[in-house]
Amino acid sequence: MNKTDMGFMPATEMIAAIKKKTLSPREIVEALLARVEKINPKVNAYCTVVPEMALEAAKKAEAEIRQGGKLGPLHGIPVSIKDLTLTAGIRTTFGSKIFEHHVPTEDALIVQRLKAAGAIVIGKTNTPEFGAGANTYNAVFGATRNPWKLSHTCGGSSGGAAVALACGLGPLATGSDLGGSLRIPASFCGVVGFRTSAGRVPIYPSFMGWDTLAVEGPMARTVGDTALMLSVIAGADDRSPISLPGDGREFLAAVEHPNIRGFKVAWSADLKVSPVDREIEAVASAAAKRFTELGCTVEQAEPDFSRVREIIHVTRALRMVTLHAEKLEKWRDQMNPNLVWNIEKGFPLTAQQVGMAEKERTALYHRVRQFFERYDLLLTPTVAVPPFPVEMPYPQEINGKPINNYQEWLYLTYAITVTGLPAISVPCGWTAEGLPVGLQIVGRRLGEATVLRAAAAFEAIAPWQDKRPPVE
């Protein structure tokens, strides 16, 4: 097997090969580091690479294999970590000049769990400043480029993670998601991004331990690898007060023999919250219809998302003030203008506005809950537009309708965020220009296993894993 092919090998196959001793962790890490050296300068997926640390970990993993002890479920498997997530001894900048030289002394909980399972960290992936925005660029490392068209954006904020996966620079990646940051770059790059229920993957450390809007989660090229990674990083931890208990084996079982025959599926092109590019709608609609091949009934329907924009604007601005207001006095001129704008939107908020947003969000949740009493799944396009030129912070219009700020084009994913429901983006087709299109699959409350099962069933009839971007 050549190094290029190894770069696109699923983690599940790597694990099998390691167990059979036909591949070693060192061979895998060396092959991936060679690909990173070759490909990363073209796309800027990794902002920091740690070859010495990764090779030392691979050497240790091989010694543990020789000793014959019990191996973790990700033993010897490389993983990339988003640059918003703390990594002990590895620079973590949050995409900001404020933390350009910051090196943490502890790992975030998700990194601790990956390492405990035997995974090997090979580097950090690029993100917009503090993850604000769905176009991955910042003043520290510059822009990350879409591997299918280098002049275009890869999405964000987990853009570096998605590009690393698409380019065969590792089989697994961590991401995070507030308004769509796992799902949007997955759609733009042709990979899988899974936003699970808040607390399914506990977050620590965090300044907002009770937050139910931002999550961390798995990204991969296949649904099976996504389920495998989730099985390792999910589960309760007292350091996260909203963390959920659960047995990761249910996620593995969900994708083993996926069957969704008899499911009642709702399809909505726009959730009645956003204009959607006509080509995107056509590709995603064709994908949704294929669920009939899986034995599902597909109907056009969506919950009532009225006032979701107000919920988004208030909760997002409040979050930005909470996390970043104190930075403005010293760092305003070096911060992303869109981030500064969003922080300042939070200053005039009144207690009444915040309280009303919470009441509206609760009412929305119950409307969606009642909707899912009639349907097992909800399908939408993941993103309303195809990838756009990387120099544009965000698209200026959709079907001739102007976009006024950097969050208005994210409503298909953000609307699902505020419901708290699990949602995955899977590749479902291509534009005429050869750019990936993602399908968003939404499940019932705490229904991660069902969402994975549906995604795996769709993957089986519409495989995409063999397609490789033209960046060799």
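Helices (H or I, at least four residues) and strands (E, at least two) are DSSP runs, numbered from the N terminus.

**Entry 1: ground rules.** The model is predicted, so I kept local features to pLDDT of at least 70 and side-chain atom pairs to pLDDT 80 or more, while totals for chains, interfaces and linings use all residues. Residues are numbered from 1 along each chain as its sequence is written, and side-chain values use heavy atoms, with hydrogens and water left out.

**Entry 2: strand S16.** I looked up Arg195 and found Ala423 in S16 as its bridge partner. Strand S9 (residues 192-195) and S16 run antiparallel, joined by three bridges. S16 also pairs with strand S17 (residues 436-442), antiparallel again, over seven bridges; Gly429 has Val437 in S17 as its bridge partner. Five residues sit between the strands in the S16 and S17 hairpin, and Gly434 takes a positive phi near 85° there. Is S16 buried or exposed? Seven of its eight residues are buried (under 20% relative accessible area with a 1.4 Å probe, protein chains only; exposed is over 50%, partly exposed in between).

**Entry 3: the whole sheet.** I traced 11 strands in an open, mixed sheet, ordered S1-S3-S2-S8-S10-S9-S16-S17-S13-S11-S12. The edges are S1 (46-49) and S12 (297-300), each pairing on one side only. Neighbouring strands are turned by 30° against each other on average, direction ignored (axes are lines fitted to C-alpha atoms, for helices over the stretch in contact, with angles from 0 to 180 degrees between N-to-C directions). Helix H3 (residues 25-43) lies across S1, S2 (78-82) and S3, at about 135° to S1 (contact being heavy atoms within 4.5 Å).

**Entry 4: cavities.** I used a 1 Å grid over the protein atoms alone; a cavity is a set of points where a 1.4 Å probe fits but cannot get out, and lining residues have an atom within 4 Å of a point. Points are joined across faces, edges and corners, and a volume is the space filled by probe spheres set on them. How many cavities of 30 Å³ or more are there? The search finds four. The largest holds about 110 Å³, and its lining includes Trp148, Arg221, Trp430 and Lys467. Helix H6 (159-166) and S16 (423-430) each supply at least two lining residues. The second largest cavity is about 60 Å³, with Tyr137, Asn336 and Tyr406 among its lining residues.

Note on methods
Two strands pair if DSSP finds at least two bridges between them. On a 1 Å grid over the protein atoms alone, a cavity is a set of points where a 1.4 Å probe fits but cannot get out, and a pocket is an open set with protein on both sides within 12 Å along at least five of seven lines; lining residues have an atom within 4 Å of a point.
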